[in-house]
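Here are a few notes to read alongside the model. Keep the 3D view open as you go through the points.

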Amino acid sequence: MVEKVILAAPRGFCAGVVRAIDIVNIALQTYPKPVYVRKEIVHNQHVVQELREKGAIFVEELEEVPSGKTVIFSAHGVSPAVREDARLRNLNVIDATCPLVTKVHLEAGRYAKKDYTIVLIGHQGHDEVVGTMGVAPENIRLVEDIDDVESLTVDTPKVAYITQTTLSLNDTRQIIEALRAKFPHIEGPAADDICYATQNRQMAVRQMAGQTDLVLVVGSTNSSNSNRLVEEAEKCGAKQAYLIDDVEGIRPEWLQEVRTVGISSGASAPENLVKEVVQFFRAKGAKVEELVTTTENVQFNLPKNLVRDMQAVPAS
């Protein structure tokens, strides 16, 4: 019988996700409908469905957007080629790329201009990685693990690394150590590319995991940072750890002989989904306590063109 729930904090929406969702909501109120969004604005099916119900149309590629219409780029960023395609199609672009992803793109561009071979640590096929690789496709080499580092060859003496923003801190450090061992003169960013929210949520889960029999992470399966939280829980002592979309994902067999449940959520998971999971256990008599490891007060500005257009809309 579950007696206690430990609720990790920080959890849930990061500043980049809040900004991206706000951008879509404001765009729906500012521009003639339909408003299009290229790819999922953030990796959460509940968020996407809610915005779809408000009128946003989600597409995979720009060719699905009629010329001259408004399109929003997702929080994961896009390549320069996609931006040029949007310009040629005369689209009104609102860029919801997380500023921390933009930072990585700028790093890639600077290294490429100096003819560096750029090693990108990330997951093949992830939207963020696709966009980053598109910044300098001739220069960037992708590695996912230490085995990839061992087999990596480069043609120039100048080597630098950058990373996807939603990786495991420990795994990434090990890969960077392997890169430094293989390429002693490798350069890297002045500040860690892994975003503050990813780091904070992983640290909270690590502290919580050893106190639990089961850890549940609320988030979608295509959310990189959510999957990393499950991995961190498993590594740090949780007997069981699972990713669930919402309360409906909880399986009764997971709860057998479980006394303490830890709960967290990925950076794109809405808090109301967490509250439903907590209420599920509270209804069974479990006491709930929050484990706060740090507080967050990060905010990102909206795109300037969106602010300008929003202010130009007459008050109703």
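1. A word on labels: helices (H or I, at least four residues) and strands (E, at least two) are DSSP runs, numbered from the N terminus. This is a predicted model, with local features needing pLDDT of at least 70 and side-chain atom pairs pLDDT 80 or more, while totals for chains, interfaces and linings use all residues. Residues are numbered from 1 along each chain as its sequence is written, and side-chain values use heavy atoms, leaving out hydrogens and water.

2. Which element gives the largest share of the lining of the largest pocket? Strand E5 (92-95) does, with three residues. Helix H4 (99-113) and helix H11 (304-312) also give two or more each. Among the lining residues are Arg19, Arg83, Asp95 and Lys304. A pocket here is an open set of points on a 1 Å grid over the protein atoms alone, with protein on both sides within 12 Å along at least five of seven lines; lining residues have an atom within 4 Å of a point.

3. H11 turns up again beside helix H1 (residues 15-30): the two pack at an angle of about 40°, their axes 10 Å apart. Axes are lines fitted to C-alpha atoms over the stretch in contact, and angles run from 0 to 180 degrees between N-to-C directions. On the H1 side, Ile23, Ile26, Ala27 and Thr30 meet Leu306, Asp309 and Met310 of H11, contact meaning heavy atoms within 4.5 Å.

Terms used:
On a 1 Å grid over the protein atoms alone, a cavity is a set of points where a 1.4 Å probe fits but cannot get out, and a pocket is an open set with protein on both sides within 12 Å along at least five of seven lines; lining residues have an atom within 4 Å of a point.
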